[in-house]
Amino acid sequence: MIFAFTSLAASIRNFIPIEPEEFDQKTKMNKCVMVRYYSMHQEPSTRSFRDYNLVAKAFNGSSKISIAGLDCGKYRHLCVKHNVYNLPTVRMFCGETMEEYNGGFSYESLIKWGANISEETPIEPKLIVKQPNSKTFKQMLEDHACVLTSFETPWCQACIRNKPRLNRLARLFYKEPQIAIATIDVDRYRDFVHEYETLVFPDIRLFVRGEKKPSEYYGKRKIPNYVEFLNEKCGTRVQINDIEGELGLNDEGNQLAEDYFDEGRNPLFIQEMHARRGLEHYIYVMQGLQDNGDAWLDTQLADLKANVAANEGSEKDIEELKKKINVISFVKELIAFEKK
């Protein structure tokens with residue numbers, strides 16, 4: 001199954017879109033302007049889309065630098081006029097000067113480049129699941145006793161389905177400073193393929209400090225299995241606070257709920273839920289949250305648990321109540337982390 005909801009997250013732009021008639025005006029301001037030339041129909045551009053959004057968030061509100069983008073798929077004539085043929089291309093415009101970027105397209109590299117030129121201090125992105133390159137990955141291994149790493153590719157649908165599970169796993173282990181969860185795009189960082197001989201994706205391995213080789217994970221890609229694996233290998237005692245495992249939760253609903261909070265509680269993601277099958281409980285919870293506020297979740301959770309304890313109604317009715325409880329518990333996890 002291909003998750004269509006990923007296109008919605010990709011459609012949200014944190015950078016400033018530039019129209020042809022306003023290009024000169026927006027790139028000759030009294031501050032630097034980073035411009036990314038891209039096309040949503042070109043794979044290298046789409047692959048680095050989220051990275052560039054993170055760059056925009058890092059410099060949001062800055063008086064020294066703005067982050068913008070020009071869609072060459074839509075305005076090809078202007079890109080040709082600017083001698084831009086390879087996408088994505090990133091350039092920095094500071095007054096009358098222009099400098100072209102020649103590094104990798106990870107958000108770390110672009111943020112560092114932008115900060116150096118503009119002399120602005122960026123707001124470092126707080127990613128619950130880390131996305132290291134070869135250099136920062138080695139630093140992660142030095143800084144943490146255990147690093148659960150998923151080697152992935154952008155075309156791997158199992159990797160896409162596993163993303164919200166890894167996000168939740170990272171939140172569950174957030175208070176364990178020696179544990180880190182990471183994903184690595186081996187299409188972008190090819191050296192990992194050769195170093196670790198990754199062949200099937202996702203290739204999930206646990207790097208434990210002091211051990212020469214990582215442990216390969218062969219269990220089910222489910223939260224209870226991941227938690228049990230990390231507790232056993234890393235000596236932690238993390239528990240899942242929900243009813244009957246993952247009852248009522250699914251990857252598509254979890255991802256849309258996460259994107260809702262990641263994009264500043266954007267109601268577009270609730271609208272997207274209405275277009276998907278099997279997300280009735282997510283719609284009920286997220287719409288209630290949107291309409292009534294966070295406190296509504298606590299009231300609903302207490303009422304639902306009281307109804308389950310009363311054990312009134314059919315077995316199917318009780319199961320539906322438990323599904324709602326789990327979805328609410330999951331959303332409360334997201335809110336708790338949002339406040340951190």
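The following conversation takes a reader through how several features of this predicted model are named.

Modeller: This is a predicted model, in which local features need pLDDT of at least 70 and side-chain atom pairs count only at pLDDT 80 or more, while totals for chains, interfaces and linings use all residues. Residues are numbered from 1 along each chain as its sequence is written, and side-chain values use heavy atoms, with hydrogens and water left out.

Biologist: What makes phenylalanine 23 and phenylalanine 93 an aromatic pair that is edge-to-face?

Modeller: Rings of Phe, Tyr and Trp (its six-membered ring) pair if their centres lie within 6.5 Å, and planes under 30 degrees apart count as stacked, over 60 as edge-to-face and the rest as tilted. By this rule the count comes to 21 aromatic pairs. For phenylalanine 23 and phenylalanine 93 the centres are 5.6 Å apart and the planes stand at 85° to each other, so the pair is edge-to-face.

Biologist: Which parts does the pair of phenylalanine 23 and phenylalanine 93 tie together?

Modeller: Helices (H or I, at least four residues) and strands (E, at least two) are DSSP runs, numbered from the N terminus. Phenylalanine 23 lies in helix 2 (residues 23-27) and phenylalanine 93 in strand 4 (residues 89-94), so the pair joins parts that are 70 residues apart in sequence.

Biologist: Why is phenylalanine 137 called buried, and what does phenylalanine 192 count as?

Modeller: Buried means under 20% relative accessible area, exposed over 50% and partly exposed in between (1.4 Å probe, protein chains only). Phenylalanine 137 has 1%, so it is buried, and phenylalanine 192, at 2%, counts as buried too. Both residues belong to one aromatic cluster, formed by Phe137, Phe151, Tyr189, Phe192, Tyr196 and Phe207.

Biologist: Why is arginine 265 called partly exposed, and asparagine 311 exposed?

Modeller: Arginine 265 has a relative accessible area of 22%, which lies between the two cut-offs, so it is partly exposed. Asparagine 311 has 56%, which is over 50%, so it is exposed. Arginine 265 sits in the loop between helix 11 (251-262) and helix 12 (268-274), whereas asparagine 311 sits in the loop between helix 14 (294-310) and helix 15 (315-339).

Biologist: How do you know that lysine 324 lies over the face of tyrosine 284?

Modeller: A charge sits over a ring if NZ of Lys or CZ of Arg is within 6 Å of the ring centre and within 35 degrees of the ring normal. Lysine 324 lies over the face of tyrosine 284 at 4.2 Å from the ring centre, which is within the distance limit.

Biologist: What span is expected for helix 10, and what does it reach?

Modeller: The expected span of a helix is 1.5 Å times one less than its number of residues. Helix 10 (residues 223-234) has 12 residues and reaches 16 Å from its first C-alpha to its last, close to the 16 Å expected. Its buried residues are Ile223, Tyr226, Val227, Phe229, Leu230, Asn231 and Cys234. Just after helix 10, glycine 235 takes a positive phi of about 75°.

Biologist: How much area do domain 2 and domain 3 bury between them?

Modeller: Buried area is the accessible area (1.4 Å probe) that two parts lose on being put together, summed over both. For domain 2 and domain 3 this comes to about 800 Å², 49% of it on carbon and sulfur atoms. In domain 2, Pro164, Arg168 and Arg171 lose the most area to domain 3, together 64% of what that side buries.
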